[in-house]
Amino acid sequence: MDIDDLATRILAGERRALARAITLVESGRADHRADALVLFDRLKGHGREALRIGLSGTPGVGKSTFIETFGMMLTAQGLKVAVLAVDPSSARSGGSILGDKTRMERLSRDPNAFIRPSPSQSHLGGVARRTREAIDLCEAAGFDVVLIETVGVGQSETVVAEMSDLFLLLLAPAGGDELQGVKRGIMEMADIILVNKADGDLKATATRTCADYAGALRLLRKRPQDPEGFPKAMTVSALEESGLHTAWEEMQTLALWRREHGHFAARRAEQARFWFEAELKQSLLARLEREPLKGLVRALGRAVEDGTKTPSQAADEVLAQLEGRTPPSA
């Protein structure tokens, strides 16, 4: 693979080159990982910056419909939109459906849009391990807005907030009582809560749900990165395409305020440090899957099973091997 040529084509905005580069960074092969690091070195300093928007919500809330309608609205304004959608992987087979392009049929045909579904594999937090690097590639390719859609499994999906400038939480009308709004975790991370499906018979229910969450947000501690009135709750209808322009205006207002007050750049710097530490931990864990540590872990696992070693003793032996020291139990 000619990495210099690939980098040049990405900077020129070639979608096929972008897709190939994302496949490269998602690969687990050691030689592909080495090529990916060279690619990022070639792309370094491109000076392009997209607005990164993370989006989470429970399954069935209408994330794909919202993203398609919202994305079509943005491309109609002349913006280039990339969608990085993470699909859950089967714990049994390891496979994923990767059906987001099928769900977003209109947006997938838009020349100003790029949709890339990725499997979550064993990575927790609602995103894939290499989603952050895929965002960097989309920025290098000249996209104005990058939408990161999480798996959508519940309150633990806070990792996407560590790779996005704005974090949207999509909720359904009557999806829970008003106490849901004061739960810590994902609710604390949200910048804007969007109550979807505010149409037809559900419109009145959506309005009440939105009021409940707006009241709950006022009980949360004020965050330094928020101007007055944020975080806020709003109603939208992806089906009727209502409320989307207002939501986009609020997103732009929040992003502009954060830029002007230094929070935007500071947050990205914090996120870069977070991902350095996360990558370091993942790389250390990966060493356990290679020999000789893999064999040692398997042998110690059997010793723990038959009761000749405690879990703590076995773990210390593995750590001793990593650190090149003699364990106390030896």
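This is a short walk through one predicted chain, from overall composition to a few local details.

Some housekeeping. Residues are numbered from 1 along each chain as its sequence is written, and side-chain values use heavy atoms, with hydrogens and water left out. Since the model is predicted, local features need pLDDT of at least 70 and side-chain atom pairs count only at pLDDT 80 or more, while totals for chains, interfaces and linings use all residues.

Let me start with confidence. pLDDT is the predictor's confidence in each residue, on a scale from 0 to 100. The chain has a mean pLDDT of 85, and 85% of its residues reach 70 or more. Confidence is highest in helix 10 (residues 244–260), at a mean of 97, and lowest in helix 5 (residues 100–103), at 62. Over residues 89–97 the pLDDT is below 50, and this stretch has 12 contacts in the model beyond near neighbours in sequence; a contact here means heavy atoms within 4.5 Å. Residues 121–126 also stay under 50, with 14 contacts beyond four places in sequence. Where pLDDT is low, the predicted coordinates should not be read in detail.

Next, the overall picture. The chain has 13 helices and seven strands. Both are DSSP runs numbered from the N terminus: H or I of at least four residues for helices, E of at least two for strands. Of the 330 residues, 45% count as buried. Buried means under 20% relative accessible area, exposed means over 50%, and partly exposed is in between, with a 1.4 Å probe and protein chains only. The chain exposes about 16,700 Å², of which carbon and sulfur atoms supply 53%. Those areas come from the Shrake-Rupley method with a 1.4 Å probe, and for residues only the protein chains shown count as cover. Among contacts with a separation of 6 or more, 74% join residues 24 or more positions apart.

Now helix 4, residues 63–76. How many of its 14 residues are buried? The count is 11, so helix 4 is largely enclosed by the rest of the structure. The buried set includes Phe66, Ile67, Phe70, Met73 and Leu74, and also Lys63 and Glu68. As for geometry, the expected span of a helix is 1.5 Å times one less than its number of residues. For helix 4 that gives 20 Å, and its end C-alpha atoms are 20 Å apart, which agrees. Just after helix 4, Gly78 takes a positive phi of about 90°.

On to charges. Side chains of opposite charge can pair when their charged atoms come close. The structure holds 30 salt bridges, each being a side-chain nitrogen of Lys or Arg within 4 Å of a carboxyl oxygen of Asp or Glu. One of them joins Glu26 to Arg116, with the closest N and O atoms 3.2 Å apart. Glu26 lies in helix 2 (residues 15–26) and Arg116 in strand 3 (residues 113–119), so the pair ties together parts that are 90 residues apart in sequence. Glu26 is partly exposed, at 27% relative accessible area, whereas Arg116 is buried, at 14%.

Arg223 and Asp226 form another salt bridge, at 2.6 Å between the closest N and O atoms. Arg223 is buried at 14% relative accessibility, and Asp226 is buried at 4%. Arg130 and Glu133 also meet in a salt bridge, 3.4 Å from N to O. Arg130 counts as buried at 11%, and Glu133 at 5%. Both belong to a network of salt bridges whose members include Arg33, Glu49, Asp165, Arg259 and Glu279.

Now a loop residue. Glu162 sits in the loop between strand 4 (145–149) and strand 5 (166–171). Which residues does Glu162 touch, not counting those up to four places away in sequence? They are Arg267, Gln271, Phe274 and Trp275. Glu162 counts as buried, at 15% relative accessibility.

Last, the surface. Phe276, Leu280 and Leu284 form a nonpolar patch with about 300 Å² of accessible area together. Patches are made of residues with over 30% relative accessible area and no salt bridge; like charges are joined within 9 Å, and nonpolar side chains (Val, Leu, Ile, Met, Phe, Trp, Tyr) within 5 Å. Leu280 is in helix 11 (residues 263–287) and is partly exposed, at 45%.
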